[in-house]
Amino acid sequence: GLPVLASVNQHSETARITRESGGGWVTDAADPTAFAGKASELLHDRPALDKAGRAGLVYAQANFAPVRVAERFERVLEAAVAPGGVRG
């Protein structure tokens, strides 16, 4: 439930998940002043921090909880053993 401020490559998986989840903000790792500026801004915006924290938690529960990962893995395995599923 904690919001994220990520200083990463804009095209990274971390950036994608952070944006997609609504769980935080992304700044370009090549621009450290952008990170500092965004951090300073967010320190004064408790509602935005709370909203991002909640959104990130909901996203994580829906996508990364062990039961969700297991369900997706089972679907992949079922597709692999289905006729025409995996070809070598």
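## How the helix axes are defined

Here an axis is a line fitted to C-alpha atoms, for helices over the stretch in contact, and angles run from 0 to 180 degrees between N-to-C directions. Keep in mind as you look that this is a predicted model.

## Where α1 meets α3

Two packed helices are described by the angle between their axes and the distance between the axes. For helix α1 (residues 13-21) and helix α3 (residues 46-63), the axes come within 9 Å and cross at roughly 110°. Angles of 65 to 115 degrees count as roughly perpendicular, and α1 and α3 are therefore roughly perpendicular to each other.

Which residues of α1 and α3 meet? From α1 come R16, I17, E20 and S21, and on the α3 side they meet A55, G56 and Y59. Sorted by class, this contact has 3 nonpolar, 2 polar and 2 charged residues.

## The chain as a whole

The chain holds 4 helices and 2 strands, and from the N terminus on its elements run β-α-β-α-α-α. The radius of gyration is 18 Å, well over the 12 Å that the globule rule gives for 88 residues, so the chain is more spread out than a compact globule. Along the principal axes, the C-alpha atoms fill a box of roughly 55 × 25 × 15 Å.

## Burial, contacts and surface

Of the 88 residues in the chain, 18% are buried. Among contacts with a separation of 6 or more, 36% are between residues 24 or more positions apart. The accessible surface of the chain is about 6300 Å², and carbon and sulfur atoms account for 61% of that surface.

Methods. Residues are numbered from 1 along each chain as its sequence is written. This is a predicted model: local features need pLDDT of at least 70, side-chain atom pairs count only at pLDDT 80 or more; totals for chains, interfaces and linings use all residues. Side-chain values use heavy atoms; hydrogens and water are left out. Angles under 35 degrees count as roughly parallel, over 145 as roughly antiparallel, 65 to 115 as roughly perpendicular and the rest as oblique. Contact means heavy atoms within 4.5 Å. Ala, Val, Leu, Ile, Met, Phe, Trp, Tyr, Cys and Pro count as nonpolar, Asp, Glu, Lys and Arg as charged, and the others, Gly among them, as polar. The radius of gyration is taken over C-alpha atoms; the globule rule is 2.2 Å times the number of residues to the power 0.38. Buried means under 20% relative accessible area, exposed over 50%, partly exposed in between (1.4 Å probe, protein chains only). Accessible areas come from the Shrake-Rupley method with a 1.4 Å probe; for residues, only the protein chains shown count as cover.
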